[in-house]
Structures are given as C-alpha cells and as structure tokens.
Amino acid sequence: MDAVSTVDFHTAGEPFRIVDDAGVPLKGDTVAERRVHAMAPGSALDDLRKVLCFEPRGHADMYGGFITPPDDDGAHFGVLFWHKDGFSTACGHGTIALGVWAVETGVVAAPDTGTTEVVIDVPSGRVTARVHTEAGLVTSVDFVNIASYVLATGVSVRTSRGDVLVDVSYGGAIYAQLNAASVGLSVEPGNIDALIALGREVKWALNDAAVAQHPDDPRQSGIYGTILFEQTPASAPSDAAGPLAQHNATVSQRNVTVFADGQVDRSPCGSGTAARIATLAAEGTLTENGTLQHGSIVGSTFAGSILSRTRVHGRDAVIPQVSGMAYRTGESTFTVDPRDPLTPGFVLR
C-alpha cells in the first residue's frame, strides 16, 4: 500500500485516528452505503482498517475514522468509523475529536472566540459537533446526536453470573445497559477482565434477538455494546430539595462500555451516553433541566443533557447532547513493507 498519513486524538482517554485521505476508492452514494461496501469481503478499505488498527501499528482497543464526502451539501464531510472488528454506525467520542480536528486544521472556518457547528454525516445519520473556541483555542465540544430512544426495558439475560436484567436503547448504535452492582461488580480498572467477559456475554446473548432490531434500518441492527454502569455521588445544586427526582439535579454515574467483541471504551462513550440519556429520560430520572455526569473507567467525564423531545418510529425519543473535549496526540505516516509477513497485523484479544 501507499503511505497513509493520520492525525491522532484522544477524547477523554479513548483514541481516535483520523485518515483524511485513505487513497482507496469509496463505493456508494451515502456514508451508510459506503459502510456496507467497506464491510464487504475483500474490501480495500477494510484491509486498510486492519493495517491501521491491528498491531504493530495499532492495538486491540484502537479506534479511528476515514473521512469521506458528505451525503449532500448540508454537511461539511462524512466519516466511516472503524475499530478492530469492523465499521460502526456511530461514534460520539470520534465526533468530538472530528470537531476539534476540523476547526484546528481549518477544514471548517471558526472565529477566534465563539461557537462553530461542524456538521458530519455518519452511517446512523447527520450529527453536529458544536465547537467552542476562546482566543483561538478549542475549549470544548458538544456532540449533538440524532434522535435516541428506548427499544426495550427489563430484558432478562442468562449469564455466567446468573440471570440479569438489562435495558436496550438506541443512540446511533444499539446498547444493552446493565447495573454492574446487580452482579456484584464495580466499574474499576481492577475488574476490567470480569467486566469485559460479562459485557461480551450480554452482547452475544441479545445480538440477534428481537429487542436488538432497529425499527427502520436493518443495517443498524444488533447489540453494538454493553454499558455496565453504577451510581456515583451526585454534585447536585445546593438548592436541590431531593435526589434524582428533583428537576434540576445532576445524575451522576460511572460506566464502562464493552463494544464490538470485547473492545473497551476508555471514555464514557459518546453514543453510549446518548443511549443512557434516552433510558434515563424515559424512566423520568433525567429531565430537560438536568445533567448526566457520566464518568469512565479511567476517571474522565462527559456531561449529557436533553436538548429536546420528539417521536420517531412510533417511539418517544430525545435529542441528546454530550459535551467533552479531545486533544491531539500526534501525527503519523504509516507504510507496509511488501516483505512483511505480519501484514495486515494481528490482535491478541
């Protein structure tokens, strides 16, 4: 392959490798169609994904995206998100990183101080990275997602830790959500092996079930990840009279999202946070005046909120916003020696 240049970021600890020019023809008229072509056997784009994601150039928890043209003139560009097992339908932490990248590189013009909307077409729809700048520096990004909603609640799943109850919600991808305390686990780095194992069990138990079917687009069906969450002390306003039911209270949780096949999100997971917002909104725990303080297993935090409510596919839904920040970690030019027997690479998990 020809040399491929990348710019790497991390969003709340989760990597995101941006490829502005993959040097590979993109088949399809929309980002969603391009994803289908990219996943086809023998796809040159899939081969490139493996080279950039697998060791020795990446690792089992690597993540990135190929920049593509937008679906139409209403967006600045499109992106195909990828991980070790393929191409995902959504990525909130990646959207935040793309907002920073677009403004810092001048792909989208931005004022020295103000707010700039970077509109991006992704396989699940059209999203916005609302980029805030001050004195020429990006200070934060709001990821405004597509409509997110609950697909099922109280779903019983048999696992090696016994039967558990999970909720299933859509936030650009479909997530199963499980209270880690219900199986005696806490969201701590020392428990990562047990959390991964349980996350994989839940995912594969439900992946082909009716509750994991997208109501309109079968290309988005299947459990993308399992969110294992726990309650943490809330930093509610001093005048809050009650706990989570108070309309302006902060809901404070920590989670680890185990997605694809055992991949661990180091961030609180952007599209997963959107799914949690949908679940908490449906149960009345989170309202328009509240904030979800969503922590990760490495101690980073996203702030989630409800921008508005709507209905899609006959379901009550919310438009969620997830706020965070991404930071550039480096730039690389990757090559493949034609004599290298370990091409495209390998993963050990």
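**View 1. Cys269 and its closest cysteine sulfur.** In this predicted model, start with the sulfur of Cys269: the closest cysteine sulfur to it belongs to Cys91 and lies 7.6 Å away, which is too far for a bond. Where does Cys269 sit, buried or exposed? Cys269 counts as buried, because its relative accessibility is 4%.

View 2. As a reminder, a disulfide is a covalent bond that links the sulfur atoms of two cysteines. How many disulfides does a search of the whole structure find? The search gives zero.

**View 3. The largest pocket and its centre.** Now let us turn to empty space. Rolling a probe the size of a water molecule over the atoms shows where such space remains. The largest pocket has a volume of about 280 Å³. It is lined by 21 residues, and those closest to its centre are Arg35, His83, Lys203, Ile223 and Tyr224.

**View 4. The elements around the largest pocket.** Which elements give two or more residues to the lining? They are strand 5 (86-88), helix 4 (192-206) and strand 12 (223-231). Strand 5 supplies the largest share, with three residues.

**View 5. The kinds of residue in the lining.** Sorted by class, the lining of the largest pocket holds eight nonpolar residues, eight polar residues and five charged residues.

Key
Residues numbered from 1 in each chain as written. Predicted model: local features only at pLDDT ≥ 70, side-chain atom pairs only at ≥ 80, totals over all residues. Heavy atoms only, no water. 1 Å grid on protein atoms, 1.4 Å probe; cavity = no way out; pocket = protein on both sides within 12 Å on 5 of 7 lines; lining within 4 Å. Points joined across faces, edges and corners; volume = space filled by probe spheres on them. Helix = DSSP H or I, 4+ residues; strand = E, 2+ residues; numbered from the N terminus. Nonpolar A, V, L, I, M, F, W, Y, C, P; charged D, E, K, R; others polar. Disulfide = S-S within 2.5 Å. Buried < 20%, exposed > 50% of the residue type's maximum accessible area, 1.4 Å probe, protein only.
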